[in-house]
Amino acid sequence: MNATALREGWAEYRRSPVAVLALLVVVAVVALALLAPWIAPQDPYNQAGLDLFDARLPPGETGSGGYVHWLGTDNAGRDLLSAILYGLRLSLTISVTAGLVALVVGAAIGLAAAYYGGWFGALAMRVVDLQLSLPAILLALVMVAMLGQGVPQLMLALIAAQYAYFARTAFGAASAERRKDYIEAALSTPLSGGRVLLRHLLPNTLPPLIVVVTVQIATAISLEATLSFLGLGLPITRPSLGLLIANGFQFMLSGRYWISVYPGIALMLTVLAINLVGDQLRQVLNPRRRR
Amino acid sequence: MLGFFLGRLAQAALVMLVMSVLVFLGVYAIGNPIDVLIDPAASPGQRLALIQQYGLDLPLWQQYLRFLGSVLQGDFGNSFVFRIPVLSLILSRLPATLELATTAMLIATLLGVPLGIWAGYRPQARSSKAIMAVSVIGFSVPTFWVGLLLILFFAVEFRWLPSGGRGPTGALGLSIWSAEGWTFLLLPALNLSLFKFGLLIRLVRAGTEEVMGSEHVRFARAQGLPERQVVGLHVLKNIGIPIITVFGLEFGSTLAFAVVTETVFNWPGMGKLIIESITALDRPVMVAYLILVVLLFVLINLLVELTYGFLDPRVRVKGAP
């Protein structure tokens with residue numbers, strides 16, 4: 001992809017103000033997550049720093065720490081703003097890592113299946129299709145149940161649940177490219193098969209994969225939150241967004257809405273913004289639209 | 001047609017066999033059920049007797065064969081927690097989940113199809129853009145979060161509907177026979193329908209846009225048919241088949257997603273049961289649930305493929321891989 005193509009793509013992307021706004025939100029969320037240790041008023045992972053006298057303070061109250069809890073505190077006295085920032089950091093780390101690893105694994109399987117074909121390709125895609133016919137939440141649930149709680153386990157569950165989407169997309173795109181003349185031409189030169197695969201086939205299957213990776217990262221955030229909400233994700237000492245929401249749920253019925261609602265809004269905005277960006281990328285990268 | 005049918009059936013059986021091995025191995029890896037089963041105060045002798053009774057001292061492959069043998073006879077063993085046969089335990093929760101999933105799918109279809117047709121019929125209209133925005137929200141926002149919001153507004157703030165649980169059940173174990181039952185059913189069903197609602201809008205819109213630009217719609221218009229008839233007859237007919245397919249395939253995933261909704265709304269269905277069994281290490285229930293769900297998926301896929309083979313002869317020819 002060269003500079004002109006990038007500029008043209010951006011011009012196309014910019015046409016939707018909603019998508020531009022969504023992109024800004026994504027950038028802001030990522031920045032907040034990266035900077036969390038420096039901008040959060042409190043370290044929510046430091047159990048010793050929590051004061052139970054500060055528990056369930058409504059938004060805007062000043063706690064024993066001497067600073068204002070703009071979003072209130074949870075039942076353990078955690079400053080919710082800090083907990084949300086750290087939660088975002090954790091959720092993004094898990095889902096982006098899982099998404100990228102799933103992309104590499106899935107794309108490798110899909111490309112290899114399309115390039116080599118034969119019984120290997122048929123078998124690999126059969127497995128992928130079978131997995132795609134089962135809902136991701138079910139697979140993730142089973143994986144987490146098997147592996148136990150923790151960050152690496154959660155990532156593994158997400159990767160196992162998501163690689164199939166990349167494999168299917170890469171296979172579809174690569175099979176279409178495989179039949180084109182330029183690949184045949186490249187194959188007739190003394191270039192090695194691996195080189196043709198990586199330098200010629202892979203770059204041309206990237207656009208659809210980029211779209212899938214954005215959507216899958218959003219799905220991963222959502223899945224991680226859901227698993228944590230169900231009590232199968234992370235331990236409460238390191239709250240992710242889903243766990244914060246689950247944790248606040250019991251207090252919601254007694255009117256202390258903020259413990260659940262603010263982490264929920266953060267989660268919703270993040271997922272929605274990433275999906276909107278993915279949607280617009282799909283439009284921009286759609287080959288039928290390219291002139 | 002018979003060859004195609006038998007081939008697919010054999011494939012489905014093979015898939016089930018592979019899945020049963022995977023599920024068995026996976027669940028086996030979770031933890032030692034002995035710790036759950038046996039009173040810590042039990043003597044070593046009692047312990048050994050129980051281990052032998054459940055066959056947990058056998059090598060893994062023998063345990064699998066034993067398991068497969070009883071499963072084929074419809075015996076999934078007894079729940080460690082409830083101490084009753086797993087199959088009847090799961091089946092007793094089935095009506096609640098089926099009722100929830102069916103109502104959710106109906107809500108999604110009755111709302112999603114008309115809105116999708118409108119969005120595809122007038123793609124540039126402001127209302128269509130709003131519909132599409134709603135659909136993005138529908139499948140972007142995590143189900144459990146929407147559930148919490150529904151509870152916050154309709155149960156906590158306005159106090160119109162109960163925050164969870166299930167109403168009185170009548171015939172067939174369903175709660176749809178009384179108005180009170182519906183008050184409990186409405187919020188969870190709405191919650192569960194949201195994802196499919198967003199999906200259906202997109203699907204129907206794409207289908208409608210395609211059909212609207214086709215020759216036969218232009219001819220129908222040229223004939224002077226009223227717009228209502230063009231859309232109601234020609235468009236609906238042409239988008240009908242893919243919608244029915246998706247409806248079939250998505251029904252299974254709605255059942256799986258019910259896990260989340262049931263937990264949020266404390267709905268006593270299969271999904272809540274599986275979450276409870278995972279936390280309690282209730283191995284037989286987990287195995288049986290997973291195998292039954294996979295069986296359901298395989299059956300639905302088989303049914304959809306056979307319907308295709310029936311409707312479209314081309315599928316039959318290239319059906320064999």
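How many residue pairs, both at pLDDT 80 or more, are in polar contact between chain A and chain B? The count is 3, where a polar contact means a pair of N or O atoms within 3.5 Å, one able to donate a hydrogen and the other to accept it, with residues adjacent in sequence counting only if both atoms are side-chain atoms.

Please keep in mind that this is a predicted model, in which local features need pLDDT of at least 70 and side-chain atom pairs count only at pLDDT 80 or more, while totals for chains, interfaces and linings use all residues. Residues are numbered from 1 along each chain as its sequence is written, chains are lettered from A and ligands numbered from 1 in the order in which they are written, and side-chain values use heavy atoms, without hydrogens or water.

Staying with the interface, the rule finds 1 salt bridge, that is, a side-chain nitrogen of Lys or Arg within 4 Å of a carboxyl oxygen of Asp or Glu. R202(B) pairs here with D279(A), and their closest N and O atoms are 2.8 Å apart.

On the side of chain A that touches chain B, α4 (118-132), α5 (136-147), α8 (193-229), α9 (241-252) and α10 (258-285) each supply at least two residues, helices being DSSP runs of H or I with at least four residues, numbered from the N terminus. Of these, α10(A) gives the most, with 11 residues.

Overall, the contact, meaning heavy atoms within 4.5 Å, takes 34 residues from chain A and 38 residues from chain B.
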